[in-house]
Amino acid sequence: RMTPRRQQTSLPGSQPVRAYKVIAITFLLLTFGLFGGIVLFSSKRATITIETKPELVEVTGAVAVSPTAKAGALVGVVTSTEVVLTQTFIPTGTSEEPGVATGIITLHNTTAAPQTLVATTRLLSDGGVLFRMKDRATVPANSTVDVAVYADKVGKESNIGPEHFILPGLTESKQTVIYGTSSSTMAGGVRTIGILNEADKKKAEKELFARVLAEGEKTLEQGTGQAHGTFSLIDQTVTSDIPTGTTTAEFTLTAKGKVLGILYKKDDVTQWAKTLLMKRQVDDGEIIIPSQEAPTVTLDTYDLSTGAATVTVFYGGTATLNPESKLLDKFVFFGKTKDEVRRYVLHLDRVHGVDVSFTPSWMQTVPHIAEHVKVIVKQVE
């Protein structure tokens, strides 16, 4: 007798279900991988810090000054004036000797009658220093009058400050209503003497000619209505009232000089100098910042008959790396390693140093997304 064999069969839909599971898991893994890659890629950052040190830039150029507008020239006035000044000086290496102090005393008369005082009338200070009137004077009733006085004795003790004075020659009752006061210091109780030497004279000449130049500048500026220019002494002489080697308490010099003035508008020469300075800029990799100080101008040549001159202009500024330069555009750094970035940046002008940092730290190159790259330009002293 035969026993029937049982045959096991699979359900018709079991294999597709398994395949779907594999596909689903694979898709899920790919999704996670893609998401992780996106997160990783979006987290990549690069910061490039560039240090630049400002450097002094100077230019020098000659420019014509003319009374009429000409190409490449400054409009200005070329003129001159003569100045004569006299000044008294004290020689160095001086010594002191007693002298007679002098000054001014105000006499007060508070009575109803005028008071006449003769020359040499005595005036005694509250400190006990005696002075005498130089000339005769009358003090009106209920009024005052100033008189010149001199010390009764020589010496520095008579160099007193403002004081109250009585008139010893008057009666005691009058001394309270007729009296004197001084508002300035008496001077001359000590006389300074020395020997005029050549060094004293040269020093005094330098000081006096500086005054001549300053006075000439003022006169020319007022006369032309121009408040800016360059000035020079083009002709000068000096005379002394006593010869060198003389023993004296003082000496007087008279200086005569012709002051030449080249006058122009300040803005014109400044703009001319700035244009010359900007020509020093090599490319857009640097930026030049003009000085806030006015240009220095010196005289070269002049012709008073034509009113023309040539001056030399000195001007300066600072040059530094331009943070807006195309040489520092972010795309320039895309895909570069740290060493490549350093070599490129250090090759640029006005660069003092560079630092490159990546996030995450194991990154090897600069990302290719501009938003993920930061370029910082920092000035150092």
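## Open sheet 20-1-21

In this predicted model, three strands form an open sheet in the order 20-1-21, with mixed pairing. Strands are DSSP runs of E, at least two residues long, and helices are runs of H or I, at least four long; both are numbered from the N terminus. Two strands pair if DSSP finds at least two bridges between them. Strand 20 (351-359) and strand 21 are the edges; each has a single partner strand, so one side of each lacks a neighbour in the sheet. Direction ignored, neighbouring strands are turned by 15° against each other on average.

Strand 1 (residues 45-52) runs parallel to strand 21, joined by seven bridges. Thr-49 has Ile-376 as its bridge partner in strand 21. Helix 5 (residues 338-346) packs on the sheet and touches strand 1 and strand 20. Its direction makes about 160° with that of strand 20. Axes are lines fitted to C-alpha atoms, for helices over the stretch in contact; angles run from 0 to 180 degrees between N-to-C directions.

## Lys-374

Lys-374 sits in strand 21 (residues 373-379). Its relative accessibility is 48%, so Lys-374 counts as partly exposed (buried is under 20%, exposed over 50%, partly exposed in between; 1.4 Å probe, protein chains only). Beyond neighbours within four places in sequence, Lys-374 contacts Ala-46, Thr-47 and Ile-48 (heavy atoms within 4.5 Å). Thr-47 is 327 residues away in sequence, yet 4.8 Å away C-alpha to C-alpha.

Six strands close into a barrel, order 5-10-8-7-11-12, with antiparallel pairing. The twist averages 40° from one strand to the next. Strand 8 (residues 130-133) pairs with strand 10 (residues 143-151) over three bridges. There, Phe-131 stands opposite Ala-151.

## Basis

Residues are numbered from 1 along each chain as its sequence is written, and side-chain values use heavy atoms, without hydrogens or water. Local features need pLDDT of at least 70, side-chain atom pairs count only at pLDDT 80 or more, and totals for chains, interfaces and linings use all residues.
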